[in-house]
Amino acid sequence: MKMQNFFIKLKHRDTSFFIIALCVVILATAIVWRYSSTPGPDKGNNLAGKDAENENIGVNLDPYQDYVEGIIKDYENANNDKDKDKDTPNNKIDLNSMKTPLAGEIYREFTMDDLIYYEAIGEWRVHKGVDIKPKDTLLIESALAGTVMSVNTSELSGTEVIIDHGDNIKTVYSNLASAAVKTGEHVKQGQAIGNIGKTVGIEASDGAHLHFELLVDGKNVNPMDYIN
């Protein structure tokens, strides 16, 4: 009824007022339609968030960022590789640079062809290394740089240190009274790894000495062929 009365009154008014009223109605209808078709709050927020995110990505995009980050990553990887090379025995080893682990007299030589009689156990065996009696010191030094593979103690060989030098090269130091290194430790050439004392086990009758072995590709070789 209100709308009917409105249009009746409108009929008796001038045309300009009618045009204004019509525009008001059209504008109101458009506003009602606009808000009725607008997505819900969550959906609208999600769309706005995505649009804002995409807009921010475009605004903050640095064409040199990936390039700089790539250089930094390569630098860090290179440093990590260098540290790994220091800690693992994978570097090339020059056997001819090997030094004697103990200054002294070699009184039993390497032999894999002739048998040697061991009085302590009453058996004949090959001798897989060289025996060195100390001269001025009891300290045992690493013949080459490498990583300590194991430190063991037994009744036959006393305290024994095995060092991995990479390239399938290992050295064995037996008849030690004690060890100054531990498994996994990286040692330099000439670094003290232990000392000799009273000999026990298979070579107990020979007195205090170092039993030194060199293994290449899993086979015992004469270390004196490489010690200068």
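A polar contact is defined here as a pair of N or O atoms within 3.5 Å; within protein, one atom must be able to donate a hydrogen and the other to accept it, and residues adjacent in sequence count only if both atoms are side-chain atoms. The structure is a predicted model, in which local features need pLDDT of at least 70 and side-chain atom pairs count only at pLDDT 80 or more, whereas totals for chains, interfaces and linings use all residues. Residues are numbered from 1 along each chain as its sequence is written, and side-chain values use heavy atoms, with hydrogens and water left out.

The protein contains 4 helices and 12 strands; helices (H or I, at least four residues) and strands (E, at least two) are DSSP runs, numbered from the N terminus. Of the 228 residues, 27% are buried, where buried denotes under 20% relative accessible area, exposed over 50%, and partly exposed the range in between (1.4 Å probe, protein chains only). Among contacts in the protein with a separation of 6 or more, 61% join residues 24 or more positions apart.

In soluble globular proteins, nonpolar side chains tend to be buried together. A nonpolar core is taken as a set of buried Ala, Val, Leu, Ile, Met, Phe, Trp, Tyr and Cys residues joined through side-chain atoms within 4.5 Å. The largest such core comprises 23 residues, and I140, V161, Y173, I193, L210 and F212 have the most contacts inside it. Two or more residues are contributed by each of strand 4 (130–134), strand 7, strand 8, strand 10 (192–196) and strand 11. Beyond residues up to four places away in sequence, I193 touches I140, E141, S142, V161, I163, Y173, L176, A179, A180, V181 and V187.

Elsewhere, K133 lies over the face of Y107, at 4.8 Å from the ring centre; a charge sits over a ring if NZ of Lys or CZ of Arg is within 6 Å of the ring centre and within 35 degrees of the ring normal.

H165, in strand 7 (residues 158–166), is buried at 1% relative accessibility. A polar atom of the H165 side chain lies 3.5 Å from the backbone oxygen of L144. N220 belongs to strand 12 (residues 219–221). The side chain of N220 reaches the backbone oxygen of K128 at 3.3 Å and makes a polar contact with the side chain of E213 at 3.0 Å. With neighbours within four places in sequence left aside, N220 is in contact with F110, K128, E213, L214 and L215.

Positive phi values occur at D167 and N175, neither of which is a glycine. D167, in the loop between strand 7 and strand 8, has a phi of about 55 degrees and is partly exposed, with a relative accessible area of 31%. D167 and D94 are 73 residues apart in sequence and 9.8 Å apart in space, C-alpha to C-alpha. N175, in strand 8, has a phi of about 70 degrees and is buried, with a relative accessible area of 3%.

G190 is located in the loop between strand 9 (186–187) and strand 10 and is partly exposed, with a relative accessible area of 23%. G190 and P101 are 89 residues apart in sequence, with a C-alpha to C-alpha distance of 7.4 Å. Apart from neighbours within four places in sequence, G190 is in contact with K99, E141 and S142.

How values were computed:
Contact means heavy atoms within 4.5 Å.
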